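Dear colleague,

A short account of the findings follows it.

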Amino acid sequence: MAVHNNNPIEHPLFSKNRNRRNKVQDTHITLAHGSGGKAMRDLIDDIFVNTFDNPILSQLEDQASFNLASLMQQGDRLAFTTDSYVVDPLFFPGGNIGELAVNGTVNDLAVSGAKPLYLSCSVILEEGLAVDTLRQVAESMQAAAKKAGVQIITGDTKVVHRGAADKLFINTTGIGVIPPGVNISAQNIQPGDAIILNGEIGNHGTAILIARGELALETNIESDCQPLN
């Protein structure tokens with residue numbers, strides 16, 4: 001595990017006593033943005049808290065709390081998933097790493113028949129990443145979350161030395177509710193069942209390879225990164 005700025009203390013992404021009027025003054029990520037001081041608070045407030053703003057997040061606690069009774073009205077089981085995203089390049093035809101993180105986690109919940117509700121967002125930032133790039137990714141995540149009908153309610157941020165990561169890594173964890181009587185599972189597949197495809201297989205992978213310059217093709221293929229719930 002990389003420790004940012006040689007400081008082993010964990011710093012929550014969304015913690016108490018934020019001055020949400022603060023703006024990031026730096027153009028690129030520095031180790032100071034992971035040190036727990038003013039630079040880190042400004043980065044979190046400006047890029048994440050203001051962008052992901054919602055009633056649960058606005059409590060600014062070290063954890064997100066939500067009402068169980070309201071969840072039980074929507075289903076009788078919780079679905080829980082997590083995934084990490086390290087795609088290169090960060091931006092590709094049809095999307096970017098932020099949209100991919102939100103949609104990927106939403107879809108991992110949706111395949112169980114769950115209604116996705118809440119996401120966490122943890123980011124590992126490489127020293128030198130452009131702040132505008134991070135802002136664009138965060139805004140894309142919020143747009144994707146809104147489209148999918150979910151809220152990003154908690155998270156964490158770390159900064160590592162230049163060369164210790166590839167610009168930006170994102171981990172998202174999702175919670176959803178499975179309605180009564182719904183039991184969708186790969187374990188239930190039987191011989192003779194039909195497989196329904198909602199798009200062309202391979203578009204996302206092809207779009208990434210083209211963006212990397214690994215395929216000598218001229219094409220308008222885009223990633224099919226979308227929330228399927």
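Helices, as the term is used here, are DSSP runs of H or I with at least four residues, numbered from the N terminus. Please note that this is a predicted model.

Four strands make up an open sheet with mixed pairing, in the order 1-6-4-5. Its edges are strand 1 (77-85) and strand 5 (151-160), each of which pairs on one side only. On average, and with direction ignored, neighbouring strands in this sheet are turned by 15 degrees against each other. Strand 4 (residues 115-126) and strand 6 (residues 168-178) run antiparallel and are joined by ten bridges. In strand 6, isoleucine 170 is the residue that stands opposite valine 123.

Helix 3 (residues 97-110) lies across strands 1, 4, 5 and 6, and runs at about 150 degrees to strand 1. Helix 3 also contributes five residues to the lining of the largest pocket, the largest share. Both helix 3 and helix 5 (203-212) supply at least two residues of that lining.

The largest pocket holds about 510 Å³ of space. Of its 20 lining residues, Asn107, Asn198, Asp224, Gln226 and Leu228 lie nearest the centre. The lining comprises eight nonpolar, ten polar and two charged residues.

The second largest pocket holds about 260 Å³. Its lining consists of Ile184, Ser185, Ile189, Gln190, Asp193, Ala194, Ile195 and Ile196. By class, five of these residues are nonpolar, two are polar and one is charged.

Yours sincerely

Conventions. Residues are numbered from 1 along each chain as its sequence is written. This is a predicted model: local features need pLDDT of at least 70, side-chain atom pairs count only at pLDDT 80 or more; totals for chains, interfaces and linings use all residues. Side-chain values use heavy atoms; hydrogens and water are left out. Two strands pair if DSSP finds at least two bridges between them. Axes are lines fitted to C-alpha atoms, for helices over the stretch in contact, and angles run from 0 to 180 degrees between N-to-C directions. Contact means heavy atoms within 4.5 Å. On a 1 Å grid over the protein atoms alone, a cavity is a set of points where a 1.4 Å probe fits but cannot get out, and a pocket is an open set with protein on both sides within 12 Å along at least five of seven lines; lining residues have an atom within 4 Å of a point. Grid points are joined across faces, edges and corners, and a volume is the space filled by probe spheres set on the points. Ala, Val, Leu, Ile, Met, Phe, Trp, Tyr, Cys and Pro count as nonpolar, Asp, Glu, Lys and Arg as charged, and the others, Gly among them, as polar.
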